[in-house]
Amino acid sequence: MSPARRAPAGPDAGGEPRATLRVACYNVRSLRDDVDALVRVITVMRPDVLCLQEVPRLLWWRRSLLARRVGMTVAAGRRGGALAILTGPGVRTVHREYHLLRPCPPLQRRALAIAVVAKDGFRAAVGSVHLDLAAGARLWHAAEIAGHMARVRERFGVPDVLAGDLNEGPGRAAWRYLTRRYTDCFAAAPDGDGATFPAARPRHRIDAVLAGPGLAVRACGVPRAAPADLAAATDHLPVLADLLFHHDLGDECRTGDTQLRTICS
C-alpha cells in the first residue's frame, strides 16, 4: 500500500465524491520501543482512525502525547485493557464506549474500546480489541465483543469496523467466529504483505481490520513504511485498510468491480 495514497475519492456515478475511511490497528507494546520510529510509521499511514493495543497503563498520559505528535486526537480508551482509539483531522467523535470483558482468572482482563466517528457526512462505529493468549478466552470474548458492536451498530444505524491484535491467525476458532460476521479486509483485498508478528521477521498474521456490512474494502495490508522503522517501533506490524461506504459506491457495487471488494449484505 503506497504510504502517501488514500483510497481514491473521485466522483461516483451520480457525480458526488466518495466517502472514504482509512482505519489502522497497531499494537504499540506500551511504547517501550523506539517511539520516534513509531511516530514516523503512523505519520506515513495517515489513518483517519487508529486502533491501538497495549497502550501504557501506568504512564497513561503518554497516549495523549503520542496522539499530539502524530496530529491525532484521543477518541476513546481507558487504562483497564490498555486500549485506545485515535482520530485524525476531519474526523469527529460522535459517541464513545468502553467495556471490560468477562474476567477469566488468572488471565489478564480484556476490554473493548468503541468510537462512533463521522467523516464527510458518513458515520461508522469502530472497535479496538486485544484478544487473549488463551484460545478459550479469545472465543468467549469474540462473542461478547460482537454483541457490543451489534448493539452500537443498531443504536446509531451505522456500519462497523473491528480492528486489533487477535492473538491468533486465520482459521482458528475466534477468527472464524468473527469472520462469519465481518469481512477480513486483507483476505478481501490484499495489498502488500499481511504477516504482522514478530515485526523484525514477520511470520504470523495475528492483527486484522475486519469490516462489517455497509462498507467496501479497497485495499488492506502492512503499510510500506521504512523497514527499519517498522522493525524498531514495536514488536507488531500495523495493518492499514482503505474502506468505502457501500451506499456511496454507485455502479461499482452493482457491477462487482474486481478492484473493489464489496460487502453487500
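This is a predicted model: local features need pLDDT of at least 70, side-chain atom pairs count only at pLDDT 80 or more; totals for chains, interfaces and linings use all residues.
Strands (E, at least two residues) and helices (H or I, at least four) are DSSP runs numbered from the N terminus. Local features require pLDDT of at least 70 and side-chain atom pairs count only at pLDDT 80 or more, whereas totals for chains, interfaces and linings use all residues. Residues are numbered from 1 along each chain as its sequence is written, and side-chain values use heavy atoms, without hydrogens and water.

S7 and S8 pair in the parallel sense over six bridges; pairing requires that DSSP find at least two bridges between two strands. Within this pair, alanine 125 lies opposite aspartate 160 of S8. The chain passes from S7 through H3 to S8 in a right-handed β-α-β crossover, a path that runs clockwise from the first strand over the helix to the second when the strands point away from the viewer.

Glycine 164 has alanine 208 of S10 as its bridge partner, and aspartate 165 stands opposite aspartate 207 in S10.

These strands belong to an open, mixed sheet of six strands in the order S5-S6-S7-S8-S10-S9. S5 (92-100) and S9 (183-184) are the edge strands, each with a single partner, so one side of each has no neighbour in the sheet. Helix H3 (residues 135-156) packs on the sheet and touches S5, S6 (111-119), S7 (122-130) and S8, contact being heavy atoms within 4.5 Å. The direction of H3 makes about 150° with that of S5, taken between N-to-C directions on a scale from 0 to 180 degrees, with axes fitted to C-alpha atoms and, for helices, over the stretch in contact.
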